[in-house]
Amino acid sequence: MTLDAFAVLLDGVGIPTAYRAFEQENAKPLPFICWLYLNNEAFAADGVAYFSTRRVQVELYTKYVDFALEQKLEDVLTKAELFFTKSMEYIESEGCYQVLYELNI
């Protein structure tokens, strides 16, 4: 999957989405998604790279814990056959929750 195709996939959640962050003048109210390309992971055998994936991070920001919205995002990822890990934290300084998904595309 290309990074462009992944961006389109995330748009299917139905909330504002941006790569890395929204520009200050275009800041969106909660909830929203930011995502980031982290790195390439290549798999090799016999000195030859035979498979490569892109590691990405998806950050869902909400004012309150929103299990239904989390499930909607997870359904989009699962339907695209993407395996992910998930964690959550409260960001005191921003007054919001961040649900973090890490996956390979």
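Trainee: What share of the contacts in the protein chain with a separation of 6 or more comes from residues 24 or more positions apart?
Mentor: A contact means heavy atoms within 4.5 Å. In this protein chain, residues 24 or more positions apart account for 49% of the contacts with a separation of 6 or more. Keep in mind that this is a predicted model, where local features need pLDDT of at least 70, side-chain atom pairs count only at pLDDT 80 or more, and totals for chains, interfaces and linings use all residues. Residues are numbered from 1 along each chain as its sequence is written, and side-chain values use heavy atoms, leaving out hydrogens and water.

Trainee: How do strands pair, and how many bridges join E2 to E3?
Mentor: Two strands pair if DSSP finds at least two bridges between them. E2 and E3 run antiparallel and are joined by 13 bridges. One of the bridge partners is Val 48 in E3, which goes with Ala 45. These two strands form a hairpin with two residues between them, and Asp 46 in the turn has a positive phi of about 55°. E1 and E2, in turn, run parallel and are joined by three bridges; there, Thr 17 stands opposite Ile 33 in E2.

Trainee: Now a helix, please. How many residues does H2 have, and how far does it reach?
Mentor: The expected span of a helix is 1.5 Å times one less than its number of residues. Helix H2 (residues 67-79) has 13 residues and reaches 18 Å from its first C-alpha to its last, close to the 18 Å expected. Just after H2, Glu 81 takes a positive phi of about 60°.

Trainee: Which residues of H2 are buried, and which are exposed?
Mentor: Buried means under 20% relative accessible area, exposed means over 50%, and partly exposed is in between (1.4 Å probe, protein chains only). In H2 the buried residues are Leu 69, Glu 70, Leu 73, Glu 74, Val 76 and Leu 77. They cover an arc of only 155° around the axis (taken from the directions from the helix axis to the C-beta atoms), which puts them on the same side of H2. On the other side, Phe 67, Ala 68 and Lys 79 are exposed. Among the elements covering the buried residues of H2 are helix H1 (3-11), strand E2 (32-45) and strand E5 (96-104).

Trainee: What is a nonpolar core, and which residues touch the most other members here?
Mentor: In soluble globular proteins, nonpolar side chains tend to be buried together. A nonpolar core is a set of buried Ala, Val, Leu, Ile, Met, Phe, Trp, Tyr and Cys residues joined through side-chain atoms within 4.5 Å. The largest one here has 20 residues, of which Phe 6, Val 58, Leu 73, Leu 77 and Leu 103 touch the most other members. H1, E2, E3, H2 and E5 each give two or more residues to this core, and H2 gives the largest share, four residues. Apart from it lies another core, of five residues, including Phe 32, Cys 34, Tyr 61 and Cys 96.

Trainee: And the aromatic rings: how many pairs does a search of the whole structure find?
Mentor: A pair of aromatic rings is described by the distance of the centres and the angle of the planes. Rings of Phe, Tyr and Trp (its six-membered ring) pair if their centres lie within 6.5 Å; planes under 30 degrees apart count as stacked, over 60 as edge-to-face and the rest as tilted. The search finds seven aromatic pairs. The rings of Phe 22 and Phe 32 have centres 5.4 Å apart and planes at 90°, so this pair is edge-to-face. Phe 43 and Phe 51 form a tilted pair, with 5.9 Å centre to centre and 35° between the planes. Phe 6, Tyr 19 and Trp 35 form one aromatic cluster.
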